[in-house]
Amino acid sequence: MSWAGFKKSVNRAGTTLLQKTGQIERTVDREFADEEAKYRIFEKECQALQKDSKAYWDAMRAMSAAQGRIAETLETFYGAADQSSEGAMAGHAYKRSVDDLDSSFNREMDGPFRTTISEPLGKMCAYFPIVNEHVAKRNKKLLDYDSARSRMKKLIDKPSEDPTKLPKAQQEHDECKEMFDMLNNQLIEELPQLLDLRVPYFDPSFEAMIRMQAKFAEEGYEKLSGVQRYFADNVRDDYAAGQLDAQVENVLQEMRELSICGGN
Amino acid sequence: MKGIGKALSRTPFAVTTKIGMAKRSADTEFDEYARHFGNLESAADKLIKDTKAFCDAVTALFTSGDGYATHYSVIMTPIAGEYDLIGKHPDSGHTIRSQDHYAQAMKELKELIGPELELIESRIMGPAKEIQVVMKTIRKTITKREHKLTDYDRYNNSLTKLRDKKDKSLSDEKNLFKASPAILCLELEQDFEVATNEYDYINTALKQDLPRFMMLATQFIDPLFSSFFYMQLNVYYLLLEKMNSFADENKWDVANTSGAQIAGEYEEKRTDAWQRIEDLGVVKRIVSVSRLVQASRAQNGGAPGSLGRSNTTASSSSSLKPAAPPSRSTSSASGYKKAPPPPPSLGGSRGLSPRAEPAPPPPYTASSSVGSTTLAAAAAKRAPPPPPPLKPKPGLKPKPQIQYVVALYDFAAQADGDLSFNTGDRIELIQKSESAEDWWTGRLNGVQGVFPGKFLYKNSFQS
C-alpha cells in the first residue's frame, strides 16, 4: 500500500470510529441501500447458479464415465470364464453403447454447454468483483465525505481565527461530495439496469438447458435400451419380479459352500 | 505362536529361492487360475468403486439439477421490490412463466431418484460386497497353499541335498552325520511326506474349486448386470419422462437435436443485453476516481449515456449553481447545438458560502494550470467573456484575426467532430459563441472540431 493509501485508510478508520461513537454524522442513503440489497441477492444467486451448473455438467460427465468403467469391469467378469454366453454378449453390447454415449456426449455437448450455460454465467460472475470494487470505493468516498462535512460544519459553527480555513474545508467538502455523488449516482442508476438486464441476458440459457437435459436423458435412454435385445426374454420380467436378486443370492450361497471358502 | 514359528522356519527358504539357490516347483494350471482369480478380485473392487461413483454422480446430477432450477428461478423472478418482469421483458415471458414448474419438476425428480439409488445400493453394491467377502476367504486359501508349497519345496530340497551327499561319499557321511544320518534322513522323509500331502490336498481343492468359482462368478454377474442395467435405464427414463412432461405442459420443444443446433439457436436468441451490460459503467474497472469524475463531468454535460446528445441540454444557468454533481437538467437552452460539459468544480463552493474566494482547481488537475490561469478562468466565468470578434470591422483589420485559446483541462472527444486536447494546448479558435457554456469550434494540429468553451483559458493569444 502506498503512503497516500495508508494515510487514507488511517483517516477512514478514524472516521468510522467517530461515527460509531456518534461524533460524526453518517449519511444514510436509502435508495442506494435498497439497490445494493437487491444486487447482493442477485450476486449470491448467480454464484450459486454457477456452482450448480458446473456440478451438473461434472455429474453428467462423471455418470457417463462411471458407466464406461462399470462396463469394462463387467467384461472382466465375463472374461474369467465364459466369453460366449448370453450375458457376455449383452455385456459387450452394453460396453459399446455406453462408450458410444460417453464419447458422443462429450464431443457433442461440451461446446454447447459452455456456450449456453457456463460462459454467460462466468461472464456475469466476473462482473461482480468489479461492481463490488465500485461499491467499496463508494463507501470509502462516503466516509471521506462524511468526515469533510463534519469538519466544515464545525468551522461554520465555530469560525476559526484563520479565515482561510473555512473556504479550504468547503473546497474539500465539495470535492468529496462530488466524488461520492458521482460514484453513488452511478451505482443507483446502473445497478437496477444491471439487474433488469439479467432477464434478457439469462433467458436464452433456459431453453438451451432444458433441451440439453432432455437430450441427455433421451440419448441415454435410447442407446441403453438397445442393449435389451441381447438379454433373454424373461430377464425384464424377472427384474420386475425381483427374481434377479434371488438369483444373485443363490449364487453367492453356492460360492460360500465351495470347499476353498471354508465350507465343505 | 505356531504361526510365527512356521513363518520363521519358512523364511530362509524364501530367501534362498529368491536368490536362485533353491528350486521352487511350479504348477502352471494353478497359476493360470490364480491369475484369473486375481483379475476377478480387482474387478470386484472396481465394480464397487465405480458403482459408488455412479451413484454419487447420479445424486450430484439431480441435486445440482434441482439447485440450478431453484437459483435460476430466483433470478428469473422479481427480487425484493421488483415487479412485473414479464411486463418489462415480454420476450422472456415464456421462460419466466415456466420457472415455477421447472423448479417443481426438478425437485420432484430429486425425490424420485432417491429410491432408485437405494435400490442400486442394496441390490448391486450389497452383493458386490458379499462376493468380495467370499473372495477374501478364497484368497486366504490361496495364501495357505503358498505356505504349504513352501514347506513342500523346503523339505524336498533338503532331502535332495542329503541324498546327493549320501551318494557322493560314504566316508564324509561319517564326519558330517555323526548323529546317525539315517535317522536324520528318515525324519526329513516323514516331514516331506506330510508336507506333500497337505500341499496336494489344498492344491487339488483349489484347482477343482477355482474354475467352479469362475463359473459361479459369471452366473453371479449375469443377474447383477441385468439389474444394474434396468436401474440405470430407469434413471434415464425418469429424467426423460420428467423433462418431456415439463416441456409438454409448458410448451417447450425439447425434441432431440444436435448440440450444435442448440448452441446455434441460443446464439440467435441472445439479445443485446450482453452488450448493454458491457456498456454499464459499474462493470468497468476503476482506474482512478478522479479520472472518472472528469469523465463524468464531460459526459453528463455532453452526452449522458445512451440519450442522444442532440436532445441533451444543460441548464444555461448552471453557472449560478454548484456545478459539482453534474445533473441531467432538462431545462432547455434552445439554440445551442449541444450542451457543453460544466466546468470542473469551479463554482462548487460559491453556492454554499457567500464569502468564498475563487476556488483553486481540484488537486487532480494538472498542477501547471494552478495560478494565473485559475484566476483567469474564474474571472472569465464570472464576467461574461468579451464578445468574440465574429465580425471584424472591415477596414480596421484587413486580415481575419486568428485567435488562440489555451486549454485548462484535458478534454477527450465524446463523439465525432469533437476536438480532443490536453491541458496547455493552444487551440486556434475558429468560431465561438457568446457563452462559455456553449460548444466552440477550433483547430488543433490541423484537426478541426468542437469542444466545450469552458475548458479553455480565454485570454486569447493573437497572432
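In the predicted model, 33 residue pairs, both at pLDDT 80 or more, are in polar contact between chain A and chain B; a polar contact is a pair of N or O atoms within 3.5 Å, one able to donate a hydrogen and the other to accept it, with residues adjacent in sequence counted only if both atoms are side-chain atoms. On the side of chain A that touches chain B, the elements giving two or more residues are α2 (30-79), α3 (86-157), α4 (165-225), α5 (235-241) and α6 (243-256) of chain A; helices are DSSP runs (H or I, at least four residues) numbered from the N terminus. The largest share, 46 residues, comes from α4(A). This side divides into 65 nonpolar, 22 polar and 29 charged residues.

Seven salt bridges are counted between the chains (a side-chain nitrogen of Lys or Arg within 4 Å of a carboxyl oxygen of Asp or Glu). One joins the side chains of R123(B) and D245(A), at 3.2 Å from N to O.

Chain A and chain B bury about 11800 Å² between them, 70% of it on carbon and sulfur atoms; this is the accessible area (1.4 Å probe) lost on being put together, summed over both. In chain A, F77(A), R211(A) and I260(A) lose the most area to chain B, together 7% of what that side buries.

The complex has an ipTM of 0.84 and a pTM of 0.68 from the predictor. The mean pLDDT (confidence in each residue, from 0 to 100) of chain B is 72. Over residues 302-399 of chain B the pLDDT is below 50. Where pLDDT is low, predicted coordinates should not be read in detail.

Residues are numbered from 1 along each chain as its sequence is written, and chains are lettered from A in the order in which they are written. Local features need pLDDT of at least 70 and side-chain atom pairs 80 or more, whereas totals for chains, interfaces and linings use all residues; side-chain values use heavy atoms, without hydrogens and water.

Key
Buried area = accessible area lost by both parts, 1.4 Å probe. Nonpolar A, V, L, I, M, F, W, Y, C, P; charged D, E, K, R; others polar. pLDDT = per-residue confidence, 0-100. Contact = heavy atoms within 4.5 Å.
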